[in-house]
Amino acid sequence: MSRRISHIAILLLFPTLASAQYGYITGKVYDKFGALGGVNVTIKDRPFGTFTDNDGYYAFELDTGFYTLEIKHTGYQDEEVIVKLENLDQLQLDFDLQGNLLNADVGIGSKSNEVQNQLESPVPIDVVYGSELVASGRVTLSNALHYILPNFYGVRESTSQGLEFVDPISIRGLAPDQVLVLVNGKRRHKSAYLHINQQFGRGTAGTDLNMIPIMAVDRIEILRDGASSQYGSDAIAGVINIVLKEETGSPEIVVSGGSSTEGDGGTKAFGFNYGFNILKRGFLNLTGSFTDRNAINRSGDYTSTIFNDARDNDQASRDAFFAQTGFGERRIISLGGGDDRRSALMYNMGFEVSDAFQLYSFGDFSYRQGVSKAIYRLPAIQSLVVPEIFPLGFAPEIHSDIVDRSVVIGLKGEVNNWFIDFGYNYGENDIDISVFNSNNASLGVASPISAFAGGYKYTQNVVNIDATRSFTIGTADLDLTTGTEFRLETYDIISGELTSFENGGDSTALGVPKVSGIQGFHGISGDEQIEELRSNASLYVEIDYETDFGLFLEAAGRYESYSDFGDRFNYKVSGRYKFANPFLIRGSISTGFKSPNLPQLFYKRISTELDETNARLVKVANFNSESAVAKAFGLPALEPELSETFSFGITSSINRNLSLSIDAYQINISNRIVLSSRIAADQAPVFASALAPSGVEEAEFFTNALDTKTSGVDALLAFNYVLPNVTIDVTSALSVFDTDISGSITGKGIFEGREAVLLNREERDRLESAVPSSQWRTKANIAFGKLSLTLQGTRFGQVQFLHPEDNNPNNWIANTFTGQVESRDQIFEAKYTFDADLSYNIGSGISLSVGALNLFNTLPDQHDHSGLVVAGFNTYSTKARQYDLTGAFIYSRLQIRL
């Protein structure tokens, strides 16, 4: 790196007052090809930052004093320099950046205030920059990460009942609620929605990443290691830390739009980011975004009975019916995802209240409106339809209004050589659900066609204080960090309008009782309404020890006390050693836990759901462990999940152009909390007796039923190649893992000896095989002049579906596709997808991009057994697939930096 510091008459560039006690720092950032625009230039430990303009220039106006400038740019080695700024000085600092991949500084993985290097961390950490998220062509955070990180899973939801509220996420194939999400190092609140659909993530309530606007993100740090001893409950699979932008003075606008090649799934997105200084002692960075995604539909044509009379044989009557369903073609269901509109405003602020302390705050207000259609209620099914209102039946529309809000405020600074961080964190997620174009069949002609069906609310209050101090022991450095945290959580289930759940007593012409409740999303009754809370207090200590001969050791312990299920202590020991330049080995051993979250403890409701396996609607109840029905079954109260994690890896920055990391791991989890299979009254007389007082046909329960072992390897290779006027960056990442149920299923109460009923083979397989067991991604970025071409290929490994009854060949049925009697089990084979993005730098901070996602329109496998296709329409699985059903998607993007 070359630096040039010169004193130039300040009056030539800036008007000044002779008495002012300030000066200017300016300069240029470049590499061997010339100026670098969009480089992040910040003042270390101060709330000031900016980007270089298209000619590589930056400028700061600062009070006199000592400053450390930091220069960070993706694909280049970080640089910093300390300068002294005297009154009316103008210092010119030029930086010649040297390329270096996988070399980011990260703030996660250690509670110490010291920054770690990505490749030198004792545990594996991925870093994804905000610019990479924007350039991915995807408009939601979870979907973008799904294609950037091979060990991350985040697929757009699609269900037959339209309950597409929150996309479940995963690291290393583990559950959404086994991943802890932080924003700027502070615990992010969870979604109020409990995922109960027959898909990956069933029975969990995770964090809704998609409520955070992509343009607010400076970078995302993903800790791929157990960290409960440092960050508390839920960090079994790892930690996602979303670091917000702090830059000032460079407004940025991004506008994008696109559509699938099928003509649906149209997406429009707008976002802006702007930061400015506050009285030369602070910053405020603001982000606003709006996203509109239209529905995707990849269902097949319906081929069975519509009217249950002579009209079924009249083509004109069938054509007239399909013309009014609203699904297009000859469909009665939407598979692929509903309409989705999101708006968000997010801020990040810091202000120096004194030379020693900084006030900080950040937060967001986000709103999502989703519109999804449930399966069409056919006029032939008289128990579901009021013919006087809907003579041709109807497709219920489920409208979800989700409000997500958070605010964090705190003070951090140095007192007597201790760095102190004291903060308060509030988060809230509200979900209101309304149903339109529907009826409560049991009310007959008195039924409304719309109703407020109820809602859910989750809140989190956190107060924490952390303290770090550094010591020197001989030639070694030691950091001592300790802290305490108090957390209060609340969970509410809110009842809907009376007409959304009441039973009016109407029946069909044959005397069959009609289904009660508004169709599509059965309203939440007053009996199901709850208000629950719990508190948690914790204390942790961490010691980091680093020698001057390449050895680093870290030890942490955390004690937690919950108001509802008691105390836990967890520990972690990790280290790394540079045994031969440039190679480094690292490893860790840790314990962890995940407390039962409030929805798992208290969720209860009765609903009418589609049994896709048998093509019928059934009344299903979810009973919590406190209910009389759960006690009648003999199910005990839920307990925390416990984990042990072992990891070992090797990393190397072989030279400036080549870096790699390989990490192997094993995660053992005991007492995993699962949502049981649907327990039917006709499966055993004791089941019928226990369910009789509730009046439902089937029930589901939460229980600590099993242990699992997840083993895997993550590998990452990054390569930078420079030719005359051309730069090529290549990254190739591989994730391979396997999750197995350890030992036997634990059945309590009347489930003892009936474990195969408590958790059938479909539910067990969902834990083991619903997420691709391997993913390989290779990405190449080729920059030449004003053009930049990005190409990416991804291999998604296979996933599997096991039919709950087909372990016995006597239960196999005829497959009309092959003419054979076969099992309905299916392996969905590995798939390759390819993306391309071409960007042109027009100049004056404007760039234009066009691109294609899933360029060759490769979709997951369709069902290969007619028994799963259900009258022709359910062609793709909603229960197991590697990625969404959008197919080829063409987009354009305009990016403006002023």
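User: Two strands are taken to pair if DSSP finds at least two bridges between them. Which residue in strand 6 stands opposite T42?

Analyst: The model is a predicted one. Strand 3, residues 40-43, and strand 6, residues 65-72, are joined by four bridges and pair in the antiparallel sense. Within strand 6, the residue that stands opposite T42 is E70.

User: Why are the buried residues on the same side of helix 4?

Analyst: In helix 4, which spans residues 315-323, the buried residues are S317, R318, F321 and F322. These four lie on the same side of the helix because, taken around the axis, they cover only a limited arc. On the other side of helix 4, A316 and A323 are exposed.

User: Which strand supplies the largest share of the nonpolar patch?

Analyst: The nonpolar surface patch amounts to about 910 Å², and among the residues that make it are F270, F272, F276, Y840 and I842. At least two of its residues come from each of two strands, namely strand 20 (267-278) and strand 47 (831-843). The largest share, which is four residues, is supplied by strand 20.

User: Does F276 count as buried, partly exposed or exposed?

Analyst: F276 has its place in strand 20. Buried would require under 20% relative accessible area and exposed over 50%, with partly exposed in between. The relative accessibility of F276 is 30%, so F276 counts as partly exposed.

User: What is the bridge partner of S400 in strand 27?

Analyst: Strand 26 runs antiparallel to strand 27 (residues 418-436), and 19 bridges join them. In strand 27, the bridge partner of S400 is I433.

User: Which residue in the turn of the hairpin has a positive phi?

Analyst: Strand 26, residues 397-415, also pairs in the antiparallel sense with strand 25, residues 357-373, over 17 bridges, and in that pairing Y360 stands opposite G410. The hairpin, however, is formed by strand 26 and strand 27, with two residues between them. The residue in the turn with a positive phi, of about 50°, is N416.

Definitions and conventions: Residues are numbered from 1 along each chain as its sequence is written. This is a predicted model: local features need pLDDT of at least 70, side-chain atom pairs count only at pLDDT 80 or more; totals for chains, interfaces and linings use all residues. Side-chain values use heavy atoms; hydrogens and water are left out. Buried means under 20% relative accessible area, exposed over 50%, partly exposed in between (1.4 Å probe, protein chains only). The arc is that of the directions from the helix axis to the C-beta atoms. Patches are made of residues with over 30% relative accessible area and no salt bridge: like charges are joined within 9 Å, nonpolar side chains (Val, Leu, Ile, Met, Phe, Trp, Tyr) within 5 Å. Accessible areas come from the Shrake-Rupley method with a 1.4 Å probe; for residues, only the protein chains shown count as cover. A salt bridge is a side-chain nitrogen of Lys or Arg within 4 Å of a carboxyl oxygen of Asp or Glu.
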